[in-house]
Amino acid sequence: MIYLKDAETIKEKTACALGLFDGVHRGHQLVIGRACEYKKQGLKPAVFTFETDTVTTKGHDGKIEMILTDKGKQRCFEKLGVEYLFSPRFTDYKDMSCEEFVQKVLKEKLCCERAVCGTDFRFGKGAKGDCETLKQLGERFGIKVDVIRQLCDANGVISSTVIRSAIRCGEIEMANQMLGYTFFIQLPVETGQRIARTLEHPTINQRIPQGQIMPRFGVYCTRVCFDGRWYAGVTNIGIKPTFNAHTSPLAETYIIGYDGDLYGQTVTVYFDKFMRPEKKFESADDLKMQIDRDTAFAHEYFRTHKIHTEVI
């Protein structure tokens with residue numbers, strides 16, 4: 001996939017998917033997939049999006065909690081078949097008029113002949129433009145527009161807002177169903193306090209950065225992949241209340257059957273099932289017994305359940 005810089009333009013004709021695509025969920029995949037289908041007609045599939053952490057909103061301190069980091073989004077785009085990506089900072093384009101966006105960005109920079117968006121797509125200064133505006137301007141500048149209806153499942157409309165809510169509530173299986181893949185974090189492993197080693201369950205510690213969606217505090221059945229091998233895991237999201245650690249939220253993962261050194265490496269942890277809320281225990285022995293029970297539960301879960309969501 002080719003990452004375009006501000007000064008670069010595409011010389012080949014493209015079909016361009018438009019949207020923030022935070023989470024690249026199943027609805028987003030339909031929009032991007034439609035753009036990729038036009039490759040059969042000689043158009044190169046492209047995506048225009050924004051760096052997620054630069055987008056401001058009216059809620060949540062003016063920032064979006066990211067389901068995926070920008071690197072995670074890029075990984076999804078590439079897997080879906082996107083060949084060109086232009087992902088500038090929102091602040092650099094937020095004051096551009098609708099007409100300027102279509103002419104200067106879509107037509108002149110991205111060489112767009114076919115634009116694809118969802119029904120809730122907004123663009124231009126103050127988000128004044130919608131998909132109908134895009135169609136009208138597209139006629140003027142020689143761009144045909146496909147509008148993809150929102151995707152629904154048994155839980156209703158699939159949207160990033162609903163998925164964020166599910167992740168915050170620990171409804172990770174529901175979130176995975178709407179995402180179309182298993183929710184994951186991909187973060188560096190930090191040196192911890194090595195408390196878990198004294199409990200005979202050595203863990204890796206990954207700090208959840210500000211701006212990334214925070215899963216519900218608690219314990220999850222997870223999977224970890226590195227060095228070409230898959231491992232079952234038990235991950236606690238929280239602040240280690242038993243030991244009064246006073247730490248910022250961590251993902252602390254016991255990788256079942258592994259006792260190596262992953263410090264400094266970036267490791268991907270996939271979340272399959274919420275087991276229980278985080279809890280403060282009366283003693284380290286009580287905590288160790290609970291970890292043993294959690295580990296047994298995870299063993300049985302992965303033995304008896306077939307994971308239906310795709311890992312990306």
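Reader: At what angle do helix α5 and helix α6 pack in this predicted model?
Author: Take the two helices by residue number. Helix α5 covers residues 160-168, and helix α6 covers residues 172-179. Their axes lie 8 Å apart. The packing angle is about 155 degrees.

Reader: Is α5 roughly parallel or roughly antiparallel to α6?
Author: Angles over 145 degrees count as roughly antiparallel. The angle here is about 155 degrees. That makes the relation of α5 to α6 roughly antiparallel.

Reader: Which residues in α6 do V162, I163, A166 and I167 meet?
Author: Those four residues belong to α5. Across from them, in α6, are I172, M174, A175, M178 and L179.

Reader: How many residues of this contact of α5 with α6 are nonpolar?
Author: Sort the contact residues by kind. No polar residues take part, and no charged ones. The number of nonpolar residues is nine.

Reader: Why is strand β11 described as largely enclosed by the rest of the structure?
Author: Strand β11 spans residues 218-226, nine residues in total. Buried means under 20% relative accessible area. β11 is largely enclosed because the buried residues number eight of the nine.

Reader: Which residue in β12 is the bridge partner of C221?
Author: β11 pairs with strand β12, residues 229-238, in the antiparallel sense. Nine bridges link the two. The partner of C221 in β12 is V234.

Reader: Which residue takes a positive phi in the hairpin of β11 and β12?
Author: Two residues lie between the strands of this hairpin. The positive phi is near 55 degrees, and the residue that takes it is D227.

Reader: Which residue in β14 is the bridge partner of V224?
Author: β11 also runs antiparallel to strand β14, residues 266-277. Eight bridges join them. In β14, V224 has as its bridge partner V269.

Reader: Is V24 buried or exposed?
Author: V24 sits in the loop between β2 (14-18) and α1 (26-37). Its phi is positive, near 40 degrees. Most residues other than glycine have a negative phi. With a relative accessibility of 1%, V24 counts as buried.

Reader: What is the relative accessible area of A127?
Author: A127 lies in the loop between β5 (112-118) and α4 (131-141). Phi of A127 is positive too, near 55 degrees. The residue counts as partly exposed, and its relative accessible area is 42%.

Reader: What percentage of the chain's residues count as buried?
Author: Step back to the whole chain. It has eight helices and 14 strands. Of its 312 residues, the buried share is 51%.

Definitions and conventions
Residues numbered from 1 in each chain as written. Predicted model: local features only at pLDDT ≥ 70, side-chain atom pairs only at ≥ 80, totals over all residues. Heavy atoms only, no water. Axes fitted to C-alpha atoms, helices over the stretch in contact; angles between N-to-C directions. Parallel < 35°, antiparallel > 145°, perpendicular 65-115°, else oblique. Contact = heavy atoms within 4.5 Å. Nonpolar A, V, L, I, M, F, W, Y, C, P; charged D, E, K, R; others polar. Buried < 20%, exposed > 50% of the residue type's maximum accessible area, 1.4 Å probe, protein only. Pairing = 2+ DSSP bridges.
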